[in-house]
Amino acid sequence: MALLLPALLLLALGFLAPLATVAWTSLRRAGHFSLAAYAEILASPVFLDILLRTLWMAVLVTALCAALGYPFAYCVATRARRHAGLIMALVTVPYLTSILIRSYAWVAILGGGGLVNRTLMALGLIEDPLQLVFNSFGSYVGMVHILLPMMVLPLYAAMRRIDGALLLAGRGLGGGPMPVFLTVFLPLSLPGLAAGAALVFLSALGFYITPALLGAPGDYMLAQAIEVRVATLAEFDVAAGLSCILLVLVGGFLMLFRRRIVSLADDRAPTPARVVGVAGLQPARTASAIGAVPGLRAALNAMGDAVTPLAGPLLYLYGVALLVFMLAPMLVVVLIAFSSAPYLTFPPPGYSWRWFMALLDDANWLEAAWFSLMVSTAAAVAALAIGTPFAFGLARGRFGGRRLLWLLAVSPMILPHIVIGLGLFFTFVALGLNGHPVSFWLAYTVIGLPYVVIILLSALGRFDIDLERAAANLGAAPMTAFRTVTLPLLAASFVTAFLFAFLSGFDDLIIGLFLSSPRGTTLAIRMWEDIRLEISPKTAVVGVVQLGVLLVAMTLPMLRTMLPRRRVRTDA
């Protein structure tokens with residue numbers, strides 16, 4: 001239990017206490033206990049519109065991500081296995097890139113003079129530019145693009161675990177491609193679909209950046225309504241009340257979906273009977289339902305025979321198209337960064353280094369970049385130092401409540417950052433620390449901790465503990481065994497955990513909006529102000545630098561695995 005204490009203390013001070021401060025503020029007006037904030041919220045028809053709009057957008061975005069992500073994941077898991085690693089790495093690139101930069105790219109793609117409108121006009125399909133951004137359509141496109149990897153990754157993981165022998169058995173029993181898919185593959189992939197849908201839906205409920213940049217000015221979601229109450233109207237009790245409502249909404253769905261999200265293994269041993277029962281329950285039910293309808297199986301077999309010749313090429317074309325959709329904003333950002341135009345325009349009229357030089361000559365941008373780099377690195381180091389013993393405690397411990405502790409540790413990643421940021425704002429203002437590097441360090445450590453815990457728990461689940469026991473039998477002390485055996489074998493996981501924890505702070509905007517002050521401004525805040533007020537290609541330059549660092553970080557492990565092979569071939 002001692003391994004868990006540092007993380008629990010961090011979560012108590014930097015997560016639970018700020019949330020309690022939000023709840024307390026929502027119940028206070030003019031220094032006295034009052035329910036006036038909630039009465040004002042619930043009596044407002046505008047609030048009902050915002051709530052329904054938030055729920056509807058979250059549901060629709062989840063449905064779109066599921067509809068787009070399932071065939072893509074199916075194609076990668078079944079048709080493109082040889083290149084699956086590369087494809088999923090490409091899917092991960094936009095996921096690791098700043099939401100702010102990706103939303104910025106869609107302004108250039110969907111704007112009046114953007115790539116889409118220019119292409120349609122060049123083809124003669126339209127005479128005047130279409131309004132594709134700063135409306136609901138722009139919000140949906142941006143949100144689907146940002147959340148799609150969260151749907152694809154769990155789906156692909158679930159599909160890769162499906163035993164191919166089950167599919168062969170279905171075909172051996174007379175099932176064609178369509179019945180086998182519906183009775184075996186689809187039911188076995190549903191856990192991945194459910195996990196992806198839960199993550200996308202919960203994330204969409206608290207979205208702020210993309211609707212604020214790409215949506216219509218009056219089409220607020222709950223997160224935007226909270227920010228307006230704080231920054232524009234200074235109605236802190238009403239903002240806190242809205243935050244509590246959003247927190248209860250997301251928290252309720254989180255508890256409802258917790259079985260799909262929580263990934264810790266069951267305390268009971270996975271006996272063969274349990275594995276067969278769980279794996280075969282849904283397929284058996286589906287097969288029974290199909291068999292109960294006269295002629296349905298024959299019809300599905302005929303349909304499968306007709307579709308199968310076209311399925312492969314169509315899936316490949318679809319996979320390429322969706323991959324282009326996910327990577328297009330990255331390419332647009334790169335081209336804009338090298339633009340010679342004095343303002344944002346796409347495609348660029350020419351190319352130069354002018355915006356790189358302009359960024360290097362701007363002291364405000366460099367100061368913000370250094371501040372972000374400093375606090376994000378310190379927070380990532382702290383998250384790794386605190387999260388590592390916590391992950392070991394959960395992985396190696398055998399005690400009740402491990403699932404709840406895991407859920408508590410990852411909650412800062414799932415719950416809306418607008419609520420966490422507001423709670424930290426109230427807390428640090430009371431302590432006189434708002435804008436101080438310490439406030440950013442604590443906040444970014446809290447939001448980086450979930451990534452460390454998730455990545456290290458996954459690595460420890462695959463780690464052979466007998467190696468540590470062998471070191472102990474040879475006389476190695478526990479710390480010596482960790483340093484000489486565990487740490488080298490899990491080095492890649494530690495580096496990955498550090499990278500994710502660093503990016504969670506470096507890319508943050510929402511919490512920074514509440515914590516920033518003249519004595520502390522992050523690079524994301526500087527980019528936000530530039531997009532809202534000027535829209536210069538300086539933001540694209542930051543995106544290119546970040547993308548370059550990500551590509552190098554992802555390429556180095558691949559080169560490391562290739563070098564020994566080349567040496568062997570040379571020696572041979």
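**Aromatic pairs and the nonpolar core**

Phe 356 counts as buried, at 14% relative accessibility, where buried means under 20% relative accessible area, exposed over 50% and partly exposed in between, with a 1.4 Å probe and protein chains only. Phe 338, with a relative accessible area of 23%, is partly exposed. The model is predicted, so that local features need pLDDT of at least 70 and side-chain atom pairs count only at pLDDT 80 or more, whereas totals for chains, interfaces and linings use all residues. Residues are numbered from 1 along each chain as its sequence is written, and side-chain values use heavy atoms, with hydrogens and water left out.

Rings of Phe, Tyr and Trp (its six-membered ring) pair if their centres lie within 6.5 Å, and planes under 30 degrees apart count as stacked, over 60 as edge-to-face and the rest as tilted. By this rule there are 15 aromatic pairs. The ring centres of Tyr 208 and Trp 528 are 5.9 Å apart and the planes stand at 35 degrees, so this pair is tilted. Both Tyr 208 and Trp 528 are buried. For Phe 338 and Phe 356 the centres are 4.9 Å apart and the planes at 40 degrees, so that pair is tilted. One aromatic cluster is formed by Phe 236, Phe 425, Phe 426 and Phe 514.

In the largest nonpolar core, which has 166 residues, Phe 72 and Leu 422 touch the most other members; such a core is a set of buried Ala, Val, Leu, Ile, Met, Phe, Trp, Tyr and Cys residues joined through side-chain atoms within 4.5 Å.
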